[in-house]
Structure formats: structure tokens, C-alpha cells
Amino acid sequence: MLCAGRNLMEAATAIKKGKWVHAWSPMWLCGAGLADATVGIVGMGRIGQNVMKKILPFQVKEVLYYDIFHPIKPAEEMGAKFVEFETLCKKSDFIVSMCNLTDETKNIFCKKVFDVMKPNAVFVNTSRGGVVNQKDLYEALKKKTIRAAALDVTLPEPLPKDHELLTLPNLIITPHVASSETNVRIKMSDLVAENILLGIEGKDLKTPVAMPK
């Protein structure tokens with residue numbers, strides 16, 4: 001959210017490209033921060049709730065959420081307000097997708113949705129690439145229907161180096177690295193080992209997955 005909203009990626013490469021020619025310029029690379037912003041979270045599960053916890057210290061104006069399961073008490077206790085999906089897209093300055101990829105959410109972010117977003121909206125997807133119609137997102141960013149976007153997931157993965165999305169200056173794409181911290185990888189490995197041992201002992205797993213019949 002911060003990188004896309006504040007143009008931090010462009011700022012980080014400005015010196016290398018020889019664009020920093022004045023000590024200070026009042027409006028150069030000015031972007032939008034989280035202070036006083038309305039943030040919309042689509043998919044208020046454990047990850048959505050953790051993201052909410054992290055953005056509250058930035059003094060956001062309000063947090064809206066949409067989820068097929070609601071009300072979500074922990075989120076609402078932190079101040080989140082449930083709204084319908086279209087309302088969230090219309091009112092939010094930052095829209096973060098953290099929903100599961102299902103038949104219902106496939107291509108949920110499409111032209112119809114980008115068209116109702118604010119012109120200054122920043123869209124972030126850290127769920128699955130399939131929830132976004134990437135052609136529609138490309139057009140929305142190219143025509144500046146929305147301000148910027150940041151994707152940690154795409155369709156396909158890896159994204160071809162000549163993909164049209166990679167030509168957009170107002171789009172940040174990272175290679176599905178949201179959990180790429182050394183300590184997180186260690187915790188993931190420990191959890192796998194613990195689940196294996198619990199399974200061998202015939203005990204309930206810490207993180208069971210329901211398999212389709």
C-alpha cells in the first residue's frame with residue numbers, strides 16, 4: 001500500500017536513472033499515504049485482520065471490509081465496518097484483496113469494479129492472481145481510471161518478462177513473496193513437522209485441510 005501509494009519504487013530508482021537533479025522539489029514524486037485514508041479489505045480472515053492491525057497506527061480514517069462471512073467480530077471490535085463489495089470499492093482510497101479464489105471470486109476485480117473506484121484509488125492483491133481480470137486492470141492503470149496497483153500474485157506465475165503489465169509505470173509486481181522472511185520460513189517448517197508428528201500419533205492437526213470428496 002505504501003510503496004504504490006507513495007511512489008516509493010519510482011523514487012528508489014530515480015537516482016540510478018539520473019532523475020534527481022534538484023536537492024528538493026515540493027511536488028516531485030508526491031503520492032498518497034495512509035493517514036486519513038479509507039482502506040477497504042476484501043476478505044477479512046486471519047491475514048486481513050493482521051493487516052488491519054498493522055495499518056491502524058498509520059491513523060487511517062476508517063477500515064471497511066467485505067467478506068461472505070459476516071459479521072466478523074474481531075475485525076469489528078477493532079473498528080472495521082462491514083459494507084457490500086461495490087460500496088467498498090466506491091468509497092475506499094486503498095483496496096486490498098485477501099480473499100480466497102473460488103468460482104464466486106474469480107475475476108471479481110474487473111472493468112466494472114475498476115470503473116467505480118476512485119480515480120486516486122490504489123489496488124493491492126496479495127490473494128491469488130485469478131481474482132483479478134488482468135487485462136481490465138491493465139486498461140484501468142493505463143487510462144488512469146485508478147491511481148496505482150501492487151500485485152504479489154499474478155496469472156500465470158511466473159509472469160512472462162514481456163507481459164503487458166510490466167510496461168506500466170504505476171504498477172508494482174513482486175514474485176509471490178509476501179511471506180518471504182527467514183523467520184517465517186522457519187515457523188512454516190516447524191508447523192509442517194509438528195503436523196506430521198500429530199498425524200502419526202493419530203491426534204488432531206494444528207492446521208487441518210479439508211480435502212474434496
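UniProt positions are given here in the numbering of this chain, feature names are shortened, and annotations may be inferred rather than shown by experiment. This is a predicted model, in which local features need pLDDT of at least 70 and side-chain atom pairs count only at pLDDT 80 or more, while totals for chains, interfaces and linings use all residues. Residues are numbered from 1 along each chain as its sequence is written, and side-chain values use heavy atoms, with hydrogens and water left out.

**View 1. The annotated region, residues 1–178.** An unreviewed UniProt entry carries the annotation "domain: D-isomer specific 2-hydroxyacid dehydrogenase NAD-binding" for residues 1–178. Over these residues the chain is 27% helix and 15% strand, where helices (H or I, at least four residues) and strands (E, at least two) are DSSP runs numbered from the N terminus. The end C-alpha atoms of this stretch are 13 Å apart.

**View 2. The aromatic pair of Phe109 and Phe123.** The structure holds six aromatic pairs, and rings of Phe, Tyr and Trp (its six-membered ring) pair if their centres lie within 6.5 Å, with planes under 30 degrees apart counted as stacked, over 60 as edge-to-face and the rest as tilted. Phe109 and Phe123 form a tilted pair, 4.7 Å centre to centre with 50° between the planes. Because Phe109 lies in the loop between strand E4 (94–97) and helix H6 (111–116) and Phe123 in strand E5 (residues 122–125), the pair ties together parts that are 14 residues apart in sequence. Both Phe109 and Phe123 are buried, where buried means under 20% relative accessible area, exposed over 50% and partly exposed in between (1.4 Å probe, protein chains only). The rings of Phe114 and Phe123 have centres 5.7 Å apart and planes at 75°, so this pair is edge-to-face.

**View 3. The two sides of helix H3 (residues 46–55).** The buried residues of H3 are Gly48, Gln49, Val51, Met52 and Ile55. Seen down the helix axis, they fall within an arc of 160° and so line one face of H3; the arc is that of the directions from the helix axis to the C-beta atoms. The face turned away from this buried side carries the exposed residues Arg46, Ile47 and Lys54.

**View 4. The largest nonpolar core.** A nonpolar core is a set of buried Ala, Val, Leu, Ile, Met, Phe, Trp, Tyr and Cys residues joined through side-chain atoms within 4.5 Å. Of the 28 residues in the largest one, those touching the most other members are Ile95, Phe109, Phe114, Met117, Phe123, Leu137 and Ile146.
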